[in-house]
Amino acid sequence: MEARAEIFPKTLTLQMDFDKSLKTPKVSAQDSYYKLKLKTHQMGIYCANNETIHCFLYDETTGTTGPNEVISLLDYLLNVLEEKLGKHDHIIIWCDNAPGQFKECYLFFYLDHLIRKQQFLRADLKFLLEGHTYSVCDRRFGTIQRLFQTQEVVDVPKKWASILKNSNLSNLSVHWVTQDMIKDYKSFLRIQYVSRNEDLNKEKFEVKDIAWLNFGYGESIDDHGQLQLVHHPETVFMRSKMNAKQPPRKVSFIKKKQGAELRPEYLSPVRQERRPVKGDVKRDCVQMAQKYLSKSAVRFYQSLPLIEEESDSS
């Protein structure tokens, strides 16, 4: 395996996770405890190469915590890191087993797509085992939460990002996410990819059992029982253990009948308008803002779009 370092001289290592949602408005008044609030999501991507965590914050009117958000923010960061750190040959991504966020077929499709367009020679997606100790993201989130707990008032969601950006926490980069940053990767990737639950030998598998997915180049056992590095651009190596000596199951997510080639112009934002919120959420937020916050905060919460049925009935 000595050739491995020569083939992949530059490796990019990331870990991704979501922190618990932040609620706004945050005020110290007792009557706010039972009020419904607007959620702000925080996705962290830790880059081991420069020991920096990138925190992406956005409220629920901008996006959710699904594959479109995960892939869009990961892709955004990959472009940022390529400008700062240069091009890499190999990417390793660690994440937890959250099925609706990371352990999800669209992220598999996306990494396969990166290999096919030669952005990387090799990609490894590895899932932290159940009951794992605190990851780097978990530890950094703990520090961030302690900072947020010191704030008595947070009037609007974007204030969370300002607090974080103006703090003295080191090795931290803050990104406030706008609607145009969330792309419709699900529709884009479905042009060429399809979800499957069986490998090339027609043996079924469950996504929950996957520990490691490998794309491009990967380890395999030769006839003498020795590890060898093989090029497998047309298949994905899938393992249930973090053990390179475990024979990989081979799967392809590419459609048998190929559609159009995946071109950047086919990729567009998920939505042009903000996601609507429930009427009782908007009502409680407006009431708290009118009672405790500035006029600009009141205007922000009054501008929240309502879910259509509730808007029609109000």
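## Packing of helices α4 and α5

Contact here means that heavy atoms lie within 4.5 Å of each other. In this predicted model, residues I144, L147 and F148 of α4 meet W160, I163 and L164 of α5.

Two packed helices are described by the angle between their axes and the distance between those axes. For α4, which covers residues 136-149, and α5, which covers residues 158-165, the angle is about 110° and the axes are 11 Å apart. Because angles of 65 to 115 degrees count as roughly perpendicular, α4 and α5 are roughly perpendicular to each other.

## The surroundings of K37

K37 is located in the loop that runs between strand β2 (22-24) and strand β3 (38-47). Leaving aside residues up to four places away in sequence, K37 touches K23, T24, P25, S32, E60, V281, C285 and M288.

Which side chain of opposite charge is nearest to K37? It is that of D284, at 7.6 Å. A salt bridge requires a side-chain nitrogen of Lys or Arg within 4 Å of a carboxyl oxygen of Asp or Glu, and K37, although buried, has none.

## Salt bridges

The count of salt bridges in the model comes to eleven. One of them joins R122 and D124, whose closest N and O atoms are 2.7 Å apart. Are these two residues buried or exposed? A residue counts as buried when its relative accessible area is under 20%; R122, at 1%, is therefore buried, and D124, at 2%, is buried as well.

E198 takes part in a salt bridge with K202, at 3.9 Å from N to O. E198 also forms a salt bridge with K204, where the closest N and O atoms are 3.9 Å apart. With a relative accessibility of 26%, E198 is partly exposed.

Elsewhere, D112, R116 and E234 are linked in a network of salt bridges.

Terms used
Residues numbered from 1 in each chain as written. Predicted model: local features only at pLDDT ≥ 70, side-chain atom pairs only at ≥ 80, totals over all residues. Heavy atoms only, no water. Helix = DSSP H or I, 4+ residues; strand = E, 2+ residues; numbered from the N terminus. Buried < 20%, exposed > 50% of the residue type's maximum accessible area, 1.4 Å probe, protein only. Lys, Arg positive; Asp, Glu negative; His and termini not counted. Axes fitted to C-alpha atoms, helices over the stretch in contact; angles between N-to-C directions. Parallel < 35°, antiparallel > 145°, perpendicular 65-115°, else oblique.
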